[in-house]
Protein chains: 2
Amino acid sequence: MASALHIGIAGLGNVGAGVVKILAQNADLVARRAGRPIVVTAVSARDRNRDRGISLDGIAWVDDAAELATRDDVDVVVELIGGSDGPALTLARRTLGAAKPLVTANKAMLAHHGLELAQMAEAADLPLKYEAAVAGGIPVIKGISEGSAANRITRVYGLMNGTCNYILSRMEAEGLGFAEVLADAQALGFAEADPSFDIDGIDTAHKLSILAALAFGAALDFAGVACTGIRAIESADIAQAAALGFRIKLVGLAEAEDGRLFQRVHPALVPMAHPVATTMGSLNALVVEGDFVGRLFFQGRGAGEGPTASAVVADLVDIARGDVRPPFVMPVADLAALPRADAAGRRGRYYLRLNVADRAGVLAELTAALRDCGVSIESLVQRGTSSSGDAMVVMVTHEAREADVVDSLARMAASPSVVGQPVMMHILDF
Amino acid sequence: MASALHIGIAGLGNVGAGVVKILAQNADLVARRAGRPIVVTAVSARDRNRDRGISLDGIAWVDDAAELATRDDVDVVVELIGGSDGPALTLARRTLGAAKPLVTANKAMLAHHGLELAQMAEAADLPLKYEAAVAGGIPVIKGISEGSAANRITRVYGLMNGTCNYILSRMEAEGLGFAEVLADAQALGFAEADPSFDIDGIDTAHKLSILAALAFGAALDFAGVACTGIRAIESADIAQAAALGFRIKLVGLAEAEDGRLFQRVHPALVPMAHPVATTMGSLNALVVEGDFVGRLFFQGRGAGEGPTASAVVADLVDIARGDVRPPFVMPVADLAALPRADAAGRRGRYYLRLNVADRAGVLAELTAALRDCGVSIESLVQRGTSSSGDAMVVMVTHEAREADVVDSLARMAASPSVVGQPVMMHILDF
């Protein structure tokens with residue numbers, strides 16, 4: 001068997017500890033699959049004394065993570081520090097600059113600096129691998145960039161944030177409100193103390209922008225992702241959606257059409273029989289649509305020590321096998337800087353929910369606004385709410401132009417009969 | 001861009017024509033992903049004049065497929081002839097013997113001769129790739145051998161035969177009998193004139209034996225697959241299973257435990273909420289369970305021109321990229337010749353269906369047989385059937401030893417009250 005591949009790991013949180021654990025526990029198996037042993041020789045983390053449930057015997061401790069890039073006993077650097085800039089980015093640049101392969105789980109860094117890093121990697125013919133950055137243990141980076149390589153990919157979408165899926169699943173199962181479930185998820189460690197990256201959709205947007213670049217051969221455009229999170233969703237929305245045959249999910253969706261790139265993160269109504277709708281709890285799910293393969297569906301654990309570390313080690317096995325490809329499938333210079341698609345012209349069905357004062361003429365006012373914008377209604381439910389004197393009106397439109405639905409909603413929101421902010425969600429009809 | 005990779009294709013059925021189509025239609029995209037153009041230079045098939053909806057202009061026609069192996073204008077051979085032996089095997093051996101990479105979709109050949117061919121490939125450091133051999137367009141070979149490389153895989157199972165899934169789905173949707181749906185599927189071209197490879201589970205067994213070798217690092221053991229097809233399933237079974245919350249699927253299942261290999265193809269009752277149960281029509285589905293990644297689920301189109309050709313071209317892209325790995329992840333010499341696990345000791349719940357004469361004492365007789373074998377009953381339904389004077393008894397056991405259930409069934413079958421052959425199916429409780 002060939003000589004060992006020596007790994008330096010920066011960041012020993014759950015994932016870093018998981019990588020150390022896999023490479024110890026499954027050492028023999030991994031070595032046989034990789035064609036050579038993969039051995040951790042150096043690590044760096046903030047707190048040397050924390051108990052991580054792993055043995056660091058025989059592994060060098062490095063205080064400054066950036067040093068891993070230049071150590072003679074490190075062949076490959078695994079960056080698990082996190083954060084789009086700061087020490088993670090410094091380490092990534094130094095690693096590639098020192099002509100060493102880089103493995104990272106850092107979607108924020110890739111979303112912001114992925115093209116720069118990919119160019120460094122390409123210039124030196126080095127692997128830069130990041131299976132763990134999207135959907136944890138699901139091999140979706142490989143599934144798109146290699147498994148679907150024959151196809152003109154037209155659409156990629158799915159659930160890439162376990163925290164949001166967990167919150168929405170519990171809101172449905174227990175009939176609880178968003179704030180209540182979020183607080184409990186934080187107490188249980190399923191949501192961060194500052195949850196905004198997750199629940200506002202930013203984490204999903206990071207991942208989506210990476211997938212879109214891979215799938216469409218497009219220059220990564222994180223700033224082009226339109227992003228709406230799940231804060232505005234009420235348990236009544238979940239119940240109404242269910243009554244209509246849908247489940248609400250935070251969907252990241254990217255499409256390439258007519259040479260334009262559409263990227264959006266938004267809560268959407270997914271038909272109950274769709275595999276994305278049946279993906280519950282903290283599971284992730286991804287759909288890839290290609291012109292020859294049709295619809296491919298991937299589901300699995302998108303976060304956590306084991307699954308994410310599993311993806312990191314898969315990358316290491318590829319590197320041990322000598323697999324070097326451009327990080328975004330084709331050289332960065334070949335990626336097309338696609339203009340952003342205009343959402344206004346999109347057509348689809350929409351879910352609208354408005355809380356209204358329960359008085360005569362309100363419905364006439366709402367339906368007139370829709371009519372004036374050319375939006376026709378497929379179904380409408382009005383319900384009195386017990387808690388206040390208000391009523392809730394839920395509508396599903398027939399297929400309509402998105403701009404027209406937005407217009408009609410603005411008109412309705414301006415009415416003194418409408419209480420608070422109306423909610424508009426897309427219906428996933430594919 | 002590097003020089004073109006020249007492909008020779010043997011077999012121009014649906015899949016072969018699909019490969020030609022992809023490499024023409026998506027030529028530019030594939031070239032950018034592969035780092036070089038992939039060009040078909042020679043083909044061989046039985047009938048030169050058949051209209052396949054593709055242009056063969058500029059492509060050499062070769063009468064004897066085996067000649068592709070030695071032509072100077074062919075760098076890689078794609079074998080799509082089919083059949084475990086005969087011209088496919090001759091071509092495969094000659095291709096590797098001539099030091100050329102081989103891509104095949106031929107699960108029968110791999111199930112019977114995979115280890116021999118893998119050894120030839122390894123000895124010459126050549127790629128032998130076969131993503132298209134299992135589950136068509138779903139990148140499950142890659143998902144197991146590369147994506148899950150960090151994991152001790154404990155179980156692989158799923159639906160690998162679209163014909164069976166199509167038949168069972170239509171039996172359920174339309175309440176029709178097996179024979180009727182099969183005849184219609186044949187008329188529509190969804191089932192072969194001789195359907196036994198599909199409906200008796202042999203095709204699934206071929207694929208399962210390949211996956212088991214990959215997943216467990218085990219020597220491929222096709223003869224070790226216990227195989228029961230779907231001929232005995234009646235529409236009443238499907239209805240009863242549904243009433244109990246299950247859907248009947250032809251499941252291929254492989255497990256490695258205590259150094260033994262368990263491989264079985266059998267109709268099983270899958271809980272309705274399980275993603276395998278919601279995989280309908282001709283779709284395929286695969287589950288991989290690993291010690292770190294947990295459960296991975298893959299779903300997509302398992303057959304047909306587009307999806308299968310998509311998998312072939314993905315293999316060609318890997319070859320163009322210079323990716324060479326042992327065909328079964330590790331060298332054949334390292335694969336363990338695992339002894340076969342004994343099914344008798346397995347524990348699980350079982351579905352039993354017996355057609356019985358509708359007379360006094362029958363149920364007492366059946367339940368006594370179960371009691372005497374130590375099998376306890378979770379639920380039991382007896383129904384009169386309108387067509388004859390007989391009744392149907394359906395039982396679900398509590399968890400029991402498989403050997404005990406088999407014993408009890410043999411005792412029941414021996415009773416003069418039991419009409420025809422009883423049916424026993426496993427319940428998938430994971």
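This is a predicted model: local features need pLDDT of at least 70, side-chain atom pairs count only at pLDDT 80 or more; totals for chains, interfaces and linings use all residues.
How many of the twelve residues of strand β9 (246-257) of chain A are buried? Ten of them are, so the strand is mostly covered, where buried means under 20% relative accessible area, exposed over 50% and partly exposed in between (1.4 Å probe, protein chains only).

Residues are numbered from 1 along each chain as its sequence is written, chains are lettered from A and ligands numbered from 1 in the order in which they are written, and side-chain values use heavy atoms, with hydrogens and water left out.

**Stop 1: the parallel sheet**

Switch to cartoon for chain A. Helices (H or I, at least four residues) and strands (E, at least two) are DSSP runs, numbered from the N terminus. Follow the open sheet across its six strands in the order β3-β2-β1-β4-β5-β6, paired in parallel; two strands pair if DSSP finds at least two bridges between them. At the edges sit β3 (60-61) and β6 (128-129) of chain A, each pairing on one side only. Select β2 (38-44) of chain A next: two bridges link this strand to β3(A) in the parallel sense.

**Stop 2: the annotated stretch**

Select A:Ala10, A:Gly11, A:Leu12, A:Gly13, A:Asn14, A:Val15, A:Gly16 and A:Ala17, which an unreviewed UniProt entry labels "binding site". UniProt positions are given in the numbering used here, with feature names shortened, and annotations may be inferred rather than shown by experiment. A:Ala10 belongs to strand β1(A), while A:Asn14 is in helix α1 (14-25) of chain A.

Is A:Ala10 buried or exposed? Buried, because its relative accessible area is 0%. Beyond residues up to four places away in sequence, A:Ala10 touches a set including A:Ser44, A:Val78 and A:Leu91, contact meaning heavy atoms within 4.5 Å.

The "binding site" label in the unreviewed entry is also listed for A:Glu192. Find this residue in the loop between α7 (178-188) and α8 (196-199) of chain A. A:Glu192 counts as exposed because its relative accessibility is 51%. Setting aside neighbours within four places in sequence, A:Glu192 is in contact with A:Gln186 and A:Asp198.

**Stop 3: back to β9**

Show β9(A) with its partners. Strand β7 (153-159) of chain A runs antiparallel to β9(A), joined by four bridges; A:Gly158 has A:Gly252 as its bridge partner. With β10 (260-271) of chain A, β9(A) forms twelve antiparallel bridges, and A:Lys249 stands opposite A:Ala268. Zoom in on the hairpin between β9(A) and β10(A): two residues separate the strands, and A:Asp258 takes a positive phi near 50°.

**Stop 4: where the chains meet**

Bring in chain B. Here 48 residues of chain B are in contact with 48 residues of chain A. About 4,400 Å² is buried between them, 54% of it from carbon and sulfur atoms; buried area is the accessible area (1.4 Å probe) that two parts lose on being put together, summed over both. Six salt bridges cross this interface, each a side-chain nitrogen of Lys or Arg within 4 Å of a carboxyl oxygen of Asp or Glu. Finish on the salt bridge between A:Asp318 and B:Arg325, whose closest N and O atoms are 2.7 Å apart.
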